[in-house]
Amino acid sequence: MAKIGIDLDNTILCNNKLLYKMAECYVNRKRKGIVFNNGSFIVNKIDINKFNSKKNIQKNIGERHGFFVNLQPHSHASEVINELREQGNDVIIITSRPMMFMGINVAKNTIYSLNKNKIEYDAIIMGVKDKGLCCSLNNIDVLVDNTFTQCIKANEYGIKSIWFNIENSLNNSSDQSYTIKEWTELPGVIDIINEIKEQEFTK
């Protein structure tokens with residue numbers, strides 16, 4: 001069975017809709033205009049570089065709107081993750097979220113959110129910038145992430161990756177990397193990885 005590292009934000013949990021809602025509340029309060037286009041914020045009459053970041057949104061209104069506790073999982077994410085664990089795979093959640101942020105206990109809220117959504121896991125690793133290195137240090141077999149550059153970093157350490165690419169039609173599958181668009185596709189890919197792992201072990 002595989003030791004699976006899974007990214008949290010926009011992989012397990014849906015961030016964009018709540019970020020948009022939060023940004024809209026912020027902009028309405030400031031009486032400015034906002035357009036949401038292809039997952040990016042285009043803010044009129046506001047310093048785009050200053051505002052157009054998750055960190056800045058969290059800083060301004062994240063705690064007030066429960067950013068770290070009210071996120072919902074992608075369709076079938078909870079069921080698939082729990083099924084993978086039942087099959088004997090280890091699930092390690094790897095996130096760049098810090099333990100604390102602007103006085104918010106992010107670790108506590110993250111655990112609360114996972115429990116609330118009935119998402120089972122074996123461990124959480126927080127504050128991770130280089131997920132490839134993290135996977136290497138923790139003997140993780142495969143990384144599931146919505147950020148393609150993190151998948152490439154995992155490949156550089158000889159770790160297989162699964163790019164959760166829900167937003168566009170690109171497919172960058174290779175010997176080291178797979179692409180999925182829905183959570184229901186993940187068990188099949190994990191089965192392939194486990195088969196390859198078993199074949200390599202018996203050589």
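**Figure 1. Asp 122 and Arg 85 form a salt bridge in this predicted model.** The closest N and O atoms of the pair are 3.0 Å apart. A salt bridge here is a side-chain nitrogen of Lys or Arg within 4 Å of a carboxyl oxygen of Asp or Glu. Asp 122 sits in the loop between H5 and S9, and Arg 85 in helix H4. These positions are 37 residues apart, so the pair links distant parts of the chain. Helices (H or I, at least four residues) and strands (E, at least two) are DSSP runs, numbered from the N terminus. Asp 122 counts as partly exposed, at 37% relative accessibility. Buried means under 20% relative accessible area, exposed over 50%, and partly exposed in between (1.4 Å probe, protein chains only). Residues are numbered from 1 along each chain as its sequence is written, and side-chain values use heavy atoms, leaving out hydrogens and water. Arg 85 lies in helix H4, and Glu 120 lies in the loop between helix H5 (106–116) and strand S9 (123–125), so the pair ties together parts that are 35 residues apart in sequence. Arg 85 counts as partly exposed, at 25% relative accessibility. Glu 120 counts as partly exposed at 35%.

**Figure 2. Arg 97 forms a salt bridge with Asp 9.** Here the closest N and O atoms are 2.7 Å apart. Arg 97 is in the loop between S6 and strand S7 (100–101). Asp 9 is in the loop between S1 and strand S2 (13–14). The two residues are 88 residues apart. Both Arg 97 and Asp 9 are buried. A search of the whole structure finds five salt bridges. Shared partners join Asp 7, Lys 131 and Asp 145 into one salt-bridge network.

**Figure 3. Ile 119 is a buried residue in the loop between H5 and S9.** Its relative accessibility is 3%. Ile 119 and Ser 78 are 41 residues apart along the chain, yet 5.1 Å separates their C-alpha atoms. Leaving aside neighbours within four places in sequence, Ile 119 is in contact with Ile 12, Leu 13, Pro 73, Ser 78, Ile 81, Asn 82 and Leu 114. Contact means heavy atoms within 4.5 Å.

**Figure 4. The largest nonpolar core has 26 residues.** A nonpolar core is a set of buried Ala, Val, Leu, Ile, Met, Phe, Trp, Tyr and Cys residues joined through side-chain atoms within 4.5 Å. The residues with the most contacts inside this core are Ile 4, Ile 6, Ile 12, Ile 162, Trp 183 and Leu 186. Several elements each supply at least two of the core residues, including strand S1 (3–7), helix H4 (77–86), strand S6 (90–94) and helix H8 (186–202). A second, separate core has nine residues, among them Ile 92, Cys 135, Leu 143 and Ala 154.

**Figure 5. Trp 183 touches residues from several stretches of sequence, including Ile 6, His 74 and Phe 164.** Its other partners include Thr 11, Ile 12, Ser 75 and His 76. Ala 77, Val 80 and Ile 81 are touched too. Residues up to four places away in sequence are not counted.

**Figure 6. Strand S6 pairs with S1 and S9.** Two strands pair if DSSP finds at least two bridges between them. S1 and S6 run parallel over five bridges. Asp 7 stands opposite Ile 94 in S6. S6 and S9 are also parallel, joined by three bridges. Ile 93 has Ile 124 in S9 as its bridge partner. Four of the five residues of S6 are buried, so this strand is largely enclosed by the rest of the structure.

**Figure 7. Leu 133, Leu 137 and Tyr 157 make a nonpolar surface patch of about 290 Å².** Patches are made of residues with over 30% relative accessible area and no salt bridge; like charges are joined within 9 Å, and nonpolar side chains (Val, Leu, Ile, Met, Phe, Trp, Tyr) within 5 Å. Accessible areas come from the Shrake-Rupley method with a 1.4 Å probe; for residues, only the protein chains shown count as cover. Tyr 157 is found in the loop between helix H7 (148–156) and S11. Tyr 157 counts as partly exposed, at 37% relative accessibility.

Key:
Predicted model: local features only at pLDDT ≥ 70, side-chain atom pairs only at ≥ 80, totals over all residues.
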